[in-house]
2 protein chains.
Amino acid sequence: MELQDIKSPADIKGLNYQELGEIASQMREAILNRTSQIGGHVGPPLGAVETIIAMHYVFDAPKDKLVYDVSHQAFAHKMITGRVDGYLYREDFPKVSEYTEPRESPEYDLFYAGHTSPAVSLCVGLAKARELKGDKYNVVALVGDGALSGGQAFEGLDAGGALNANFICIVNDNQMAIAENHGGIYKHLQHLRETNGTASDNIFKAFNWDYVYVAEGNNVQKLIETLRSVKDTDKPVVVHVNTQKGEGYRPAEEYRETFHFRKPFDIATGDLLITPQGENATSVLKNFINRSVKKYPTFLAISSATPDDFGLSQKEREMLGKHYIDVGIAEQTAVSVMAGAAREGAKVVYAVVATFLQRAYDQLVEDWAMDPSPALMVVADSGIRGINDQTHLGFWDIPMITSIPDIIYLAPANLEEFDAMLEWGLAQNQYKVAVREPSYSVEHADYEVDKDYSDINKFKVLKEGKDVALIGAGDFLVKARNVADLLKAQGIDATIINPRFVSGVEKDLLLNLVKDHKVIATIEDGSLEGGFGQRVASSLGAEEVKVLNFGLEKKFVDRYHSKELEETYGLLPEQITASILEALK
Amino acid sequence: MELQDIKSPADIKGLNYQELGEIASQMREAILNRTSQIGGHVGPPLGAVETIIAMHYVFDAPKDKLVYDVSHQAFAHKMITGRVDGYLYREDFPKVSEYTEPRESPEYDLFYAGHTSPAVSLCVGLAKARELKGDKYNVVALVGDGALSGGQAFEGLDAGGALNANFICIVNDNQMAIAENHGGIYKHLQHLRETNGTASDNIFKAFNWDYVYVAEGNNVQKLIETLRSVKDTDKPVVVHVNTQKGEGYRPAEEYRETFHFRKPFDIATGDLLITPQGENATSVLKNFINRSVKKYPTFLAISSATPDDFGLSQKEREMLGKHYIDVGIAEQTAVSVMAGAAREGAKVVYAVVATFLQRAYDQLVEDWAMDPSPALMVVADSGIRGINDQTHLGFWDIPMITSIPDIIYLAPANLEEFDAMLEWGLAQNQYKVAVREPSYSVEHADYEVDKDYSDINKFKVLKEGKDVALIGAGDFLVKARNVADLLKAQGIDATIINPRFVSGVEKDLLLNLVKDHKVIATIEDGSLEGGFGQRVASSLGAEEVKVLNFGLEKKFVDRYHSKELEETYGLLPEQITASILEALK
């Protein structure tokens, strides 16, 4: 049996253990084939190969429901369910998503589950639907790669433990999140591993689940035997599987953090094909961290399992010592820890990926914005060049954060402004300050960057002109400037404004603009609905001026090309210029 | 010692157990004195009286840090820290918030914590700040009244369990959330209670905490002895306290759900002073539930610990049987269960309080909006007459929900429209539909209410006029009509529009209005920034028409009077009319 001949789960059912092992090897080659060329998650899917083969061998998908969390583990599942070409042939790579994808395979991919921790809760829903329909099948969740530290996973275990019904939760314990794991639960998993599953105070049993331990989590025979023993169970059971992240590929076994997600690399050495060079937003942030820890005795940097946002290697994090805390994949807790430490006067900075911050909306409102807890939050990977997977879009952070009172959201337009905003945000003791890390392009300031941002909502006029005012927020100031150049060629001398603040508007300035401007255009690197530009439009609703809002649509998009999407949304400088000229008519 | 003589914790330190018991009795009377007159949480603070007395007796606040979650338990804490008048004298009631309130007492009230489950995470922050400052004091969280089912509580236990430092987490186990508790964890707590804390698979130990059990959680002597034994501990310890919700007040002991939160009542009987009469939004929802369970074999109603939103009594919930699930205070899981059950074809309705939905923002985006899971969500207690505590405002739901793609948010203007939207939302199989339950006033339709809302973003013109168009969303259609009457008296024949959809706009209709309208006014019962009206303003930014957005400011407000706040925000019909007349000049 060759990997490329597998078209559906039926094709592996007749194989013996040795043949399954050969398939596993071919799957590993295919995973490396794809990820080394276009980048992707490497360690997680490598470690889960045998578990997923065993799942499809023992259970009968799509009748039995298999759910993956986080679904970047599920490459083997995709190969078994008719999508192997997406790992073998370069031209087919783009057809297959990094995550489970209901549109790709409506029957085998039930959910996206691109963020961590929802699977058990989703499966409680499946189990309830099964009960209501009077059906009979197995509901199986594969949970792991750090997904156990997210609060929702525990909620799910809690709700699942109350079901008196078939439910199999396979915990893929690869001893890692994105980076090393943190928190009491991981000590507990370690105890369980060290005692072959017999340690006391078993957390899964506490949640009212049965429990089985598989020490050899990369041994397909052991896995099959265990899963057979729990198949058709009539009560919830956890199968705790001890796997190795990166299994079968030496560099990924050795450098588990670096190979969690990797840009294109040389399979032989594991080295990146292109190494990032020079100053960028991450290096600015990293330097800021290293300066701040010397400056403030109570400095605290917080991560929720993505230390990479700080640009800090494991060694550098260790050097920060007590000034650094990683709470695991637990953004709710990260925000509350920020608020708690700030309440007692610590100088706190929390760096988080825009899409993951979604998990802490309530804590942003109730624990940070409301409490007297001045601190600094850095939001990474936002905007059109953030992450282009549908499940990880950085399009919604401006609407999300700026709908909350008392959080100042700053959008720097270049590295110098980013640095200055970080400095001010941490130094001041009054405001809750979030800073949107630039991600569109590496820009440098050609104007005097302000050091003090306590004049809240004060826009900066970079160039005074007339007829047309271009307000380019953060990342997209560069577009405003490009548009200004194009307008100049048409004889129009446009005003250029860097608003810096996206959480409010300088109404007086806007009203002043009305006097000698016919069109005011806002340009932002985020979703328009609920965003920055609509505030400007509303502020000027009663004025005799045309307001045009340029930005992203409120729409899920997946694996897009940045430039193509900009064109679709009319965001290329030529397009924006044409729209403005049309409005001037 | 009389209760009113207590000005600070020092005043109780010299008392003996009998005197403390007398203070506890007086506190209970004071709690009933306040809540019976103005309403409030009854059972939770009654049950926690002794625990809080013991906390202040053993620990030294404000040096030691005491954090309450949920903070509606903390009435006794407020009485001990100088705010007893807020429970004794009617004129002082409004001065004291239902929750801990840093502005009321900056030194004793560290956080608001009006929502459940953040306390342990907040305390991890306090403990980190203590470490960084080189300080030495006790960090103490009182967690309870259902707060253990929220995922963040587990995240907190996880992060706390990794701290090698003083941290005391008192779990107030009153066997209840708002209603009865659900989930595996509550079975586990029951085992612990039944075995006097010795049951195996102790979840707190699993999270790497030490553990102590107090069977008599309303015995101040036992509590003091136990807290003394853990004071100044150098590692995290959970003190599991078995209390009675409503302790000391017969009706609250007996009817624990009804007395969780109670409107003004007769102390002698426990009966409400005013019983709600007649048809209202909740009764419409309740009737819809009872119809739907007969109509759809796969019907499923989901609650996250607030069954009251459905208007269903415990008995009625039991009658729903398998068609009803309460996942506990776990909104993330509720949304994912909704998505999971809908994915398999169940007919699902989830009812949730607007402010608590904030906790499930990520699940709304990633598990519901994105997945092929058509279902119906009902959002209660939104708008200016929702809940007027700062921590529970229903002002942000429109910006929050409508920033997410592919969720249709409907705002009915009256009970008949509410009913029709519920019917359609559950019957259809294509969209994710959220319906905003009317909360401003009880209105009835005087027009033909549509049954089908699949023409997405189709506004309904109730009356065609000219010069001024009034778009009154949901609750606030009534305001648009009042304004129209006032304009009529000025000789202006205004167009009146019920948009029904607040997640999008009917752009063609808007462009059409421009022809014979000079002013278009939007009126919404929610925060303006990121809301409905700003979309209208943006859509018409390039048109020659004035757009005025009326709604609530992006601002935290607390214990306001609805009419006063409307006046502050210029939302009284006379004010709106005046603004429009001004714009017409």
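**Two chains, one axis**

Trainee: In this predicted model, how is chain B laid on chain A?

Mentor: By a turn of 180° and a shift of 0.0 Å along the axis, with an RMSD of 0.0 Å.

Trainee: How do you know which surface serves each copy?

Mentor: Compare the contact residues. Of those in chain B, 100% recur in chain A, so the same surface serves both copies.

Trainee: How many residues does the contact take from each chain?

Mentor: Chain A gives 106 residues, and chain B gives 106 residues. The area buried between them is about 8800 Å². Carbon and sulfur atoms give 57% of that area.

Trainee: Why is the pair B:Glu344 and A:Lys133 called a salt bridge?

Mentor: The cut-off is 4 Å, from a side-chain nitrogen of Lys or Arg to a carboxyl oxygen of Asp or Glu. In this pair the closest N and O atoms are 3.4 Å apart. The distance falls within the cut-off, so the pair counts as a salt bridge. The rule finds 8 salt bridges across the interface of chain B and chain A. It also finds 50 residue pairs in polar contact there, both residues at pLDDT 80 or more.

Trainee: Which element of chain B gives the largest share of the side that touches chain A?

Mentor: Helix H7, residues 119-133, with 10 residues. The residues on that side of chain B divide into 46 nonpolar, 35 polar and 25 charged.

Trainee: Now the backbone. What is the peptide bond from A:Ala61 to A:Pro62, cis or trans?

Mentor: Cis, with omega near 5°. A:Pro62 lies in the loop between helix H4 (49-58) and strand E2 (65-69) of chain A. In chain B, a cis peptide bond joins B:Ala61 and B:Pro62, with omega about 10°. B:Pro62 sits in the loop between helix H4 (49-58) and strand E2 (65-69) of chain B.

Trainee: Why is A:Asp406 called partly exposed?

Mentor: Buried means under 20% relative accessible area, and exposed means over 50%. A:Asp406 has 47%, which lies in between, so it is partly exposed.

Trainee: What is the phi of A:Asp406?

Mentor: About 70°, a positive value, although A:Asp406 is not a glycine. The residue is in the loop between helix H18 (397-402) and strand E12 (407-410) of chain A. B:Asp467 also has a positive phi, near 75°. B:Asp467 is in strand E15 (residues 467-472) of chain B.

Notes. Residues numbered from 1 in each chain as written. Chains lettered and ligands numbered in written order. Heavy atoms only, no water. Contact = heavy atoms within 4.5 Å. Buried area = accessible area lost by both parts, 1.4 Å probe. Polar contact = N/O pair within 3.5 Å; in protein donor to acceptor, adjacent residues only side chain to side chain. Helix = DSSP H or I, 4+ residues; strand = E, 2+ residues; numbered from the N terminus. Nonpolar A, V, L, I, M, F, W, Y, C, P; charged D, E, K, R; others polar. Least-squares fit on C-alpha atoms with pLDDT ≥ 70 in both. Buried < 20%, exposed > 50% of the residue type's maximum accessible area, 1.4 Å probe, protein only.
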